[in-house]
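Trainee: I would like a close look at one part of this model. Please start with a single residue and then show me what surrounds it in the fold.

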Amino acid sequence: MLGGGAAVGLAAACAPFAGAATVYGKPETTTVRVGIPLDATSYLPLYIAAQTTWKDAGLNVQLLSFRGDAESSQALAGDSIDVACGSVTGLVNLVQSGQPVIGIYAGFNLAGFSWYGQPDVKTWADVRGKALGVSTFGSTTDALTRYVLRKHGLDPERDAHLIPVGNNANQFQALQSNRTQVAMLSAPATWQAQSAGYPLLGTQQREVAPGWPEHIYAVKTKFLAANRNTLAALLRGHVAALRFAKANRAAAVQVFIDRLKYTPDLASRSYDELMPTYDERGRLPDSSMKVFWEILVANGDVKAPMPDSALLDRQFIDSFAAWAPA
């Protein structure tokens, strides 16, 4: 929980939003169900918002964690949740399947994955015939791993075995038990693997792109049409949480310790890696979108790149940015 000193910082973080309610008016509904695919470092603003800033924005938000991107996407499609904050790939898959969904805020631009192998898997050539862990089939980890395999001359279907193992901690456990010979890890498991002496095969920044459209808030179009004030309040709470995290390092690090059970050292290192990658205005990383679409085309997820308008309600996000200056 956020302590007394943190509360003072939180009030300062929320100060820029005074009067914002006059732009959008009273939320149409105050109860919102938000789903994330699984617990991960990159969801720090949502953890803080669930504790405080969504309440300050007048909302009662239930933050639900699922067992992967596919499950959270299904929950959105089936109206089990109102808002999903999952991968951009997951949103593309929903759009491709004919679901009436749209993104309302991106800005999670972390390219934080790395591939580690067993001691005898030191190069990508050594990966041939090996088992590689991904969170779930159709997930970002699945798409990126297939891309990198092809980049190194390996066919994901014939030259390797992709196995769904779940979240970051499960990935590392699968590597430790030799259930998989390659794990796609993010912090803090990357540092644990490094300390344990597992060979680093490559990083997402080096193998794919320096930034990445990691997560995006998505809703059904009918929910957006009926609840624009509510969603504006949700994003107010998100940005307030992000500003609080930037201004209050110790309190944000403690969230990692409490929520994700990180050690203080790993929580601090996670914070330092993560914070520079957020875009407060919720933009996609333009410099990386070309390779993003190349990956999806190569995987057969799409036949051609989609226009931004298929992923983001630009009118809504621009109006949000107008009252939430950087």
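Is Thr180 buried or exposed?

Mentor: Thr180 is buried, with a relative accessible area of 0%. Buried means under 20%, exposed over 50% and partly exposed in between, using a 1.4 Å probe and protein chains only. The model is predicted: local features need pLDDT of at least 70, side-chain atom pairs count only at pLDDT 80 or more, and totals for chains, interfaces and linings use all residues. Residues are numbered from 1 along each chain as its sequence is written, and side-chain values use heavy atoms, with hydrogens and water left out.

Thr180 sits in the loop between helix 7 (168-176) and strand 8 (182-185). Helices (H or I, at least four residues) and strands (E, at least two) are DSSP runs, numbered from the N terminus. Setting aside neighbours within four places in sequence, Thr180 is in contact (heavy atoms within 4.5 Å) with Gln118, Ala131, Leu132, Gly133, Ile163, Val165, Ala174 and Leu175.

Thr29 is partly exposed, at a relative accessible area of 26%. Its place is the loop between helix 2 (21-24) and strand 1. With neighbours within four places in sequence left aside, Thr29 is in contact with Leu59, Asn227 and Thr230. From Thr29 to Val134 the C-alpha atoms are 37 Å apart, and the two are 105 residues apart in sequence.

Five strands form an open sheet in the order 2-1-3-10-4, with mixed pairing. Two strands pair if DSSP finds at least two bridges between them. Strand 2 (60-65) and strand 4 (101-108) are the edges; each has a single partner, so one side of each lacks a neighbour in the sheet. Neighbouring strands are turned by 20° against each other on average, direction ignored. Strand 4 pairs with strand 10 (residues 215-220) in the antiparallel sense, over five bridges. In that pair, Phe108 stands opposite His215 of strand 10.

Helices cover this sheet too. Helix 4 (residues 69-77) lies across strand 1 (31-36), strand 3 (83-86), strand 4 and strand 10, at about 25° to strand 10. Angles run from 0 to 180 degrees between N-to-C directions, and axes are lines fitted to C-alpha atoms, for helices over the stretch in contact. Helix 5 (residues 88-96) touches strand 3, strand 4 and strand 10, and its direction makes about 170° with that of strand 4.
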